[in-house]
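Please open the model in your viewer and keep the sequence panel beside it, so that each selection can be followed in both places. The tour moves from one selection to the next and says what is found at each stop.

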Amino acid sequence: MYSVTKQQMSFRSSGPLSGETVVPGDKSISHRALMLAAMADGQSRIQGLSPGGDVRSTACALRAMGARIEAEGPDTWHVDGVGTGGLNTPHAPLDMGNSGTSARLLMGLIASHPVTATLTGDSSLSRRPMERVAGPLRTIGATIAASPQGTLPLTIEGAAAAVPRHHRLTVASAQVKSALLLAALNTPGVTRITEPVATRDHSERMLRHFGARIEVAEEPGGGRTIALAGKAALTPQDIAIPGDPSSAAFLAVAALVVPGSSIVIRNVGTNPLRMGLFDALRAMGGDIVFDNERMVDGEPVADMRVRHSALRATDIAPQAVPSMIDEFPIFFIAAAFADGTSRTSGLRELRVKESDRIAAMAEGLRAIGARVEENQDGLAIMGSGGAPLPGGATIASCMDHRIAMSFAIAGLHCSQAVTIDSMAPVDTSFPGFVTTLQELHSA
Ligand code: S3P
């Protein structure tokens, strides 16, 4: 079904997907769970932590600054926190690998500790903008020296006595918001953050869960203001992390586009601020049902049932963008098999993700025979009406896990195989992706 040569792999039409599966723990929630557990006074237990490389980068950095993080089982970890204010200066640079979330959130944590650290990353991460976090963190008293382009490597010297501010964000970014909330933990007084549009609120939910004093107010126009009182004393917790909806997204689109498919993905996070893709797929006619909806440690969770469906094109409104910011690559694949033209705009941020996702997706889609128009801030995709696309191309994954997985899924409904030049980046978020697909094909 899949040919494998080192990291290069080919994906071809292999019949319907069926059966039940799970996906790795949510990457966003895992970073936050490790960081808040590291700030708590005592031992926390985290079950379902993401096994991906990105979360490993966060764990290594926290260890280097004094937290003890030890495996209890395959996906269960103990964290002995240092307490708010207790981070130490690391002896060596902290390697953030491919992980923008590790880099930006840890900058926030360090900014209000009297600690100096150098952050480095791989060539993809070293192209991504850090000034959006560095700027506001300087206003609380941190000293941050980045490359002339405002990228990694950078050195951050945290403030001995950080100053509480009211930050009014211009970019809708959960990473920037979360960096400032983490900085607020060890800042005396009330820090306020106003975001222009509501973005994923895992930090807010988990801070509350760990006992921080946090208030969230809705703003006219869809934004929110979050107030956090520091210095906060966090109480250790036992937490279970749900499956990552951003990983489930690839399997869901595979089941929708491959004729005859019917799958169940158990225990997936359904935070409303992450559900944009699933809302869009349903609006396109996708048969997606959430069963057994429940709350687990402050986050909504469900089992997702997905069946093959004839998809109609849809347009994505710019207001919906933050709720599906990571899902555009796989949305574009769904759109390429839908009936009609799907249009997106307001996606400039996609150009500064792990790769320029607008350019990478436009190029890859054309290579497999889809009709695409590329604009500065989005794509228009003329769908195949459910028919297989030609395929027969090699796709550059551009060190981007989501580009690699998106075209792997596209290959499952192409006339000829689609080859991904390297599946190695997939391990940052979804180790076991290929095995999971194989299992769903043989169930
Ligand atoms: C994330 C926020 C998003 C998302 C990233 C994870 C987070 O980034 O793209 O994969 O965990 O807060 P931005 O905040 O830059 O949009």
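## A walk through the listed positions

In this predicted model, begin by selecting Gln 175, which lies in helix H5, spanning residues 174-185. Gln 175 counts as buried, because its relative accessibility is 15% and the cut-off for buried is under 20%. If you leave aside the neighbours within four places in sequence, the contacts of Gln 175 are Gly 100, Thr 101, Arg 104 and Leu 105.

Next, select Arg 128, which is found in the loop between strand S8 (116-120) and helix H4 (131-139). Arg 128 is buried, with a relative accessible area of 4%. Not counting residues up to four places away in sequence, Arg 128 touches Asn 98, Gly 100, Arg 104, Gly 150, Thr 151, Val 352, Lys 353 and Glu 354.

Now select the positions that UniProt, in an unreviewed entry, lists for "binding site": Lys 27, Gly 100, Arg 128, Gln 175, Arg 357 and Arg 402. Of these residues, Lys 27, Gly 100, Arg 128, Gln 175 and Arg 402 are included in the lining of the largest pocket.

Finally, turn to the cysteines: how many disulfides does the structure hold? The structure holds zero disulfides. Cys 398 is partly exposed, with a relative accessible area of 33%, and Cys 60, the last stop, is partly exposed at 42%.

Terms used. Residues numbered from 1 in each chain as written. Predicted model: local features only at pLDDT ≥ 70, side-chain atom pairs only at ≥ 80, totals over all residues. Heavy atoms only, no water. Disulfide = S-S within 2.5 Å. Buried < 20%, exposed > 50% of the residue type's maximum accessible area, 1.4 Å probe, protein only. UniProt positions renumbered as here; feature names shortened; annotations may be inferred. 1 Å grid on protein atoms, 1.4 Å probe; cavity = no way out; pocket = protein on both sides within 12 Å on 5 of 7 lines; lining within 4 Å. Helix = DSSP H or I, 4+ residues; strand = E, 2+ residues; numbered from the N terminus. Contact = heavy atoms within 4.5 Å.
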